[in-house]
Amino acid sequence: MTPPLTVDNHVAVIGGGPGGLMAAEVLARAGASVTVFERMPSVGRKLLLAGRGGLNLTHTEALDAFLDRYGPARPRLEAALTAFTPDALRAWCADLGQPTFVGTSGRVFPEGFRATPLLRAWLQRLGSLGVELHTRQTWQGWTDDGELVFSDPVGATLVVDAAATVLALGGASWPRTGSDGRWTTTLQGAGVEVVPLQPANGGFVVHWSAPFRDRFAGTPLKNIRLSIDAASARGEAMVSAGGIEGGAVYALSRELRATMAGQGHATILVDLQPDLDVDQLAERLRHRRPKDSVSTALRRSAGLAPVAIGLLREATANDLPTDPVALAALAKALPLRLVGPQPIDRAISTAGGVALREVDDAFMLRRRPGTFVVGEMLDWDAPTGGYLLQATFATAVAAAHGTIEWLRTPRDRGTAPAPVGRCPDR
């Protein structure tokens, strides 16, 4: 076992994803000595993978509606999100030489669209601030004296004595980037309450018939509305071999999980033609040509795609109603039974994590003073659309400011920390 690494005002940031790197930057700008420990061979892997189809950083939705996207966690996240807003995140990107643009849906992307240039510029900045990156280091927990313990791939152990620690280890939905949720056992062993991790922004299992699955797996359901109880979402979904996924499904994942927790399954209503009401749709179906089959009428008169027609047949065991009003009503509220979530490693994000009552307003663990938790490790979730990254960045900034105040405050820790410079407002 190597001797402990001790540096005045040394902060260990564990996790080299967007939350960890943002905390490291704020801390380094304040004058702290920062080391980022990452278990993978390089940092920023989740950011690169998330940006493969275009890096959606945040959203331009009005702030109050934006905050509502965090559901029950809004009261605990609101201070962080109003201190580091979407506009602040866009200004930070521009300062890196990566200006952003707003897409037609209100989502915000780098002008280059990809994550690679932004990450490259960010790592250059962190290097200029003196942030050290230690890769291939897996956090194992604490020693009895409170030192951090890491191991590398060959089994060598590193013990680090840090003045403060920021944990930014992500959830469990991206194991190939290092976010596999193994930290839950370590924190539970330290007495910290951890809400079980669950898939969020992921697909749900539907027991399709073999003919429907074989024909339509991989086919998008475009321009639909999904509803469960009072919640609804309009957009697209994708039929998969094992169920259904896509943006409209992800937007309802919180409600679907809650329903499944109570009754073991959930039924969503699919509106296959949200631009028409039942009477308008029925009127179109009444004017079908005499020789047209029901399927042909649904395609020509109602404007439904083959996958939507297939879904109607799937829901009725291929016994479609012939009455135009009944058929229109079914197309406007098609019941689809979901029997469970798809595996967590296929989800975009996770719900659950460190219970919010376990951290103070600066996201410091109440049971382990000097240790801060950020990002997806905390028990909150949000839909896709930029809300996930925004909250990850915002909690990281808030925790970094909390860490700075922790370092400024003398306490009985052997020697009081030296003063730390004030972090510039962003």
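User: In what order do the seven strands of the open sheet run?

Analyst: This is a predicted model, in which local features need pLDDT of at least 70, side-chain atom pairs count only at pLDDT 80 or more, and totals for chains, interfaces and linings use all residues. Residues are numbered from 1 along each chain as its sequence is written, and side-chain values use heavy atoms, with hydrogens and water left out. Strands (E, at least two residues) and helices (H or I, at least four) are DSSP runs numbered from the N terminus, and two strands pair if DSSP finds at least two bridges between them. With antiparallel pairing, the order of the open sheet is 18-17-14-15-16-13-19.

User: Which are the edge strands?

Analyst: An edge strand here pairs on one side only. That applies to strand 18 and strand 19 (340–341).

User: Which residue of strand 16 is the bridge partner of Val 205?

Analyst: Strand 13 (residues 204–205) and strand 16 (residues 243–245) pair in the antiparallel sense over two bridges. The bridge partner of Val 205 in strand 16 is Gly 243.

User: Is Gly 246 buried or exposed?

Analyst: Gly 246 lies in the loop between strand 16 and helix 9. Gly 246 touches Glu 236, Ala 237 and Met 238, not counting residues up to four places away in sequence; contact means heavy atoms within 4.5 Å. Buried means under 20% relative accessible area, exposed over 50%, and partly exposed in between (1.4 Å probe, protein chains only). Because its relative accessible area is 13%, Gly 246 is buried.

User: What relative accessible area does Thr 165 have?

Analyst: Thr 165 is found in strand 11 (residues 164–167). Leaving aside residues up to four places away in sequence, Thr 165 touches Ala 12, Ile 14, Leu 148, Gly 370, Thr 371 and Phe 372. Thr 165 is buried, and its relative accessible area is 5%.

User: Which residue caps the N-terminal end of helix 14?

Analyst: Helix 14 covers residues 324–332, and its buried residues include Pro 324 and Leu 327. A side-chain oxygen of the capping residue lies 3.2 Å from the backbone nitrogen of Val 325. The residue that caps this end is Asp 323.

User: What covers the buried residues of helix 14?

Analyst: The buried residues of helix 14 also include Ala 328, Leu 330, Ala 331 and Lys 332. Their cover includes strand 17 (266–271), helix 11 (278–286), helix 12 (294–300), helix 13 (306–315) and strand 18 (334–338).

Note on methods: Polar contact = N/O pair within 3.5 Å; in protein donor to acceptor, adjacent residues only side chain to side chain.
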